[in-house]
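Thanks for coming. I will go through one model today, starting at the ligand and then moving to the packing behind it.

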Amino acid sequence: MKKTTKLFKKIIFFLKKKTNIDSQQIEVTSLDKLFIFYGTDKASNVKNQYDVNSKQIVGHGYSKFYEKHFASLRENKFDLLEIGTWFGASSAAFAKYFYNANIYGIDRNFKFKYKSKRIKFLNCDLTNYNDLTRLEKNIRGKSFKIIIEDGSHILSHIIKNLIFFLKYLDNDGYFVIEDFNAPKNYNYLNDCANSELFFDEILSNIKNKKYFNSKILSQSQQKYIFENIESVNVYKGIRKESDIAFLKKK
Ligand SMILES: C[S@@+](CC[C@H](N)C(=O)[O-])C[C@H]1O[C@@H](n2cnc3c(N)ncnc32)[C@H](O)[C@@H]1O
């Protein structure tokens, strides 16, 4: 994106009126209800967020897996980072669910429409070197308890995001990867033309600490992952493409 176009988008974004979720009184009965309320397809049952005119009901049904791993953290103070925010539905839901946590959200677009004292939106195209350098300055010294990968779902991006962000994860923190089989289910998301394993196989190798051929992950990077990941749990959500992984760091 040209520098002037980006600057213009940034200015429009900062001037745009946003919904202040801190003043919203919502009774939190479950994470799924929050996901539905704000409209993320992490929910079991939600309208298609990418097409406002659509009456289509979609949902991955990931709430129960998030609650299984993270319900015990609800009142804790920690930092959560989500890669891929779209208009901020999941960031808003997480801010309400984890009511003492700070939520950081990264996206290359400027559609984020919520604000809160505990939400920080970081504009960044993770495939752009200058953006990444700027992001590293912004999060230098930070360590997140939970990192969620819900970005482009392109195979090379999923692999690169794992190795790039793992160093920003707390010891005993969780790296969550949503829709990790999307490149297997949708050809257009597989940009690796047989040079990389699909991500379910990569996860299985991480679990078994077994080295594999990769043009993206060197042996030493694989070693780093093996030494730092203590457990890998994968779950099947509602839809064919609903696969989610929870990687726990040592
Ligand atoms: C699946 S959506 C996120 C949905 C959101 N997490 C939710 O639950 O409501 C994926 C997002 O990833 C963002 N994205 C795709 N490629 C990206 C990149 N290279 N850098 C940063 N964000 C990217 C898209 O702009 C899109 O908003």
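Which elements each supply at least two residues of the shell around the ligand? They are α4, residues 89-97, and β5, residues 102-107. Please keep in mind that this is a predicted model.

Staying with the ligand, there are 19 residues around it, and those that come nearest are Thr40, Gly84, Trp86, Ser90 and Ser152. Sorted by class, the shell is made up of eight polar, six charged and five nonpolar residues.

Now the core. In general, nonpolar side chains in soluble globular proteins tend to be buried together. Here the largest nonpolar core has 58 residues. Phe35, Leu80, Ala93, Ile146, Phe175, Val176 and Ala245 have the most contacts inside it. The element that gives the most to this core is α4, with six residues. Taking Ile146 as one example, and leaving aside residues up to four places away in sequence, Ile146 touches Phe70, Leu80, Gly173, Tyr174 and Val176.

Last, the helix pair. Two packed helices are described by the angle between their axes and the distance between the axes. For α2, residues 31-38, and α4, the axes come within 8 Å and cross at roughly 145 degrees. The crossing is right-handed.

Which residues meet there? From α2 we have Leu31, Leu34, Phe35 and Tyr38, and from α4 we have Ala89, Ala92, Ala93, Lys96 and Tyr97. By class, this contact has eight nonpolar residues, one charged and no polar.

Conventions: Residues are numbered from 1 along each chain as its sequence is written. This is a predicted model: local features need pLDDT of at least 70, side-chain atom pairs count only at pLDDT 80 or more; totals for chains, interfaces and linings use all residues. A residue is near a molecule or strand if its C-beta atom, placed from the backbone, lies within 6 Å of it. Helices (H or I, at least four residues) and strands (E, at least two) are DSSP runs, numbered from the N terminus. Ala, Val, Leu, Ile, Met, Phe, Trp, Tyr, Cys and Pro count as nonpolar, Asp, Glu, Lys and Arg as charged, and the others, Gly among them, as polar. A nonpolar core is a set of buried Ala, Val, Leu, Ile, Met, Phe, Trp, Tyr and Cys residues joined through C-beta atoms within 7 Å. A residue is buried if 20 or more other C-beta atoms lie within 10 Å of its own, exposed if 12 or fewer, and partly exposed in between; C-beta atoms are placed from the backbone. Two residues are in contact if their C-beta atoms, placed from the backbone, lie within 7 Å. Axes are lines fitted to C-alpha atoms, for helices over the stretch in contact, and angles run from 0 to 180 degrees between N-to-C directions. A crossing is left-handed if the near helix is turned anticlockwise from the far one by less than a right angle, and right-handed if clockwise.
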